[in-house]
Amino acid sequence: MAGTNHRRTAVTGGPAIILVEPQLGENIGTAARAMLNCGLDDLRLVRPRDGWPSDFVHVFAATARDRGMVRREVTPRRAAAEMRAWLPAGEPCGVLIGPERTGLVNDDVALADTVLTVPLNPAFSSLNLAQAVLIIGYEWFISGAETPGETLHRGGSRPATKEELLNFFDHLEEELENNGFLRNRESQPHMVRNLRSLFQRAQCTEQELRTLHGVVTSFAGPRERKRRTVDRTRSPELEHGKVLGLVDRTDDE
């Protein structure tokens, strides 16, 4: 199955999912799959009038309808947070989900401690069985997951160091000044700070900085780069020799 890796450690535990009089075997299977996606492994099938799941301390009744009862109502996110606190304390929890055609009847809801409702479009809030299980399971999984809200994948490269970033700033600002972009001395400090802030926020990798160095060098132009390279490599002794006539000058000088 795509996305399944049995060599990795499975996440298990959590509240039981209790399906009251489910009608179709296919829906039981899809609910079980949704549970496994979210690390839930306790699925129970019951008929309330033949035997109630009395081994639980806290039971939530999943429903989208107003039953006209005085009932505490929570979202799946709030229910997940509460169950995270109760289960380690040895207080078993369960979520009742009714049959596909009718959902839970009032007698089922009356035996639960709390109503669990998914906040959706009020005019169309009904969910099928597997959808309800997946949403409840997802909130349970996320409430205990250590996955960060944001991850930056660097493509195999490492983050650039501040030294490398400062070296790039020097290179960029030198070329911008040589090409007249920073000619306004009054606004130059502000423009430089803006440019540096932009690249600081980008969280560049070492490879990206090398690419940016190449871009800046390319924009300088091959003729200008060659002239500067020659200027930087000329020794003071060579220049002194030319002044004294001890070294032949090149044709273009």
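In what order do the six strands of the open sheet lie? The order is E2-E1-E5-E3-E6-E4, with parallel pairing; two strands count as paired if DSSP finds at least two bridges between them. Strands (E, at least two residues) and helices (H or I, at least four) are DSSP runs numbered from the N terminus.

A word on the basis of this report: the model is predicted, so local features need pLDDT of at least 70 and side-chain atom pairs count only at pLDDT 80 or more, while totals for chains, interfaces and linings use all residues. Residues are numbered from 1 along each chain as its sequence is written, and side-chain values use heavy atoms, leaving out hydrogens and water.

**The sheet and its helices**

At the edges of the sheet sit E2 (43-46) and E4 (73-74), each pairing on one side only. E3 and E6 (residues 114-116) are joined in the parallel sense over three bridges, and Phe60 stands opposite Thr114 in E6.

| Helix | Strands it lies across | Angle |
|---|---|---|
| H2 | E3, E4, E5 and E6 | about 165° to E3 |
| H4 | E1, E3, E5 and E6 | about 155° to E5 |

**The cores**

A nonpolar core is a set of buried Ala, Val, Leu, Ile, Met, Phe, Trp, Tyr and Cys residues joined through side-chain atoms within 4.5 Å; buried means under 20% relative accessible area, exposed over 50% and partly exposed in between, with a 1.4 Å probe and protein chains only. The largest such core has 19 residues, and Phe60 and Ile17 are among those with the most contacts inside it. At least two residues each come from E1 (16-20), H1 (25-37), E3 (58-62), H2 (76-86), E5 (93-97) and H4 (129-144). H4 gives the most, with four residues. A second, separate core of twelve residues includes Val46, Val59, Ala61 and Leu96.

**Further along the chain**

Helix H5 (residues 162-178) has 17 residues and spans 24 Å from first to last C-alpha, close to the 24 Å expected at 1.5 Å times one less than the number of residues. Its buried residues include Phe168, His171 and Glu175. Just after H5, Gly180 takes a positive phi of about 90°.

Thr205, in the loop between H6 (188-201) and H7 (206-220), is buried, with a relative accessible area of 6%. Leaving out residues up to four places away in sequence, Thr205 touches Arg154, Ser157, Arg158, Pro159 and Ala160.

Key: Contact means heavy atoms within 4.5 Å. Axes are lines fitted to C-alpha atoms, for helices over the stretch in contact, and angles run from 0 to 180 degrees between N-to-C directions.
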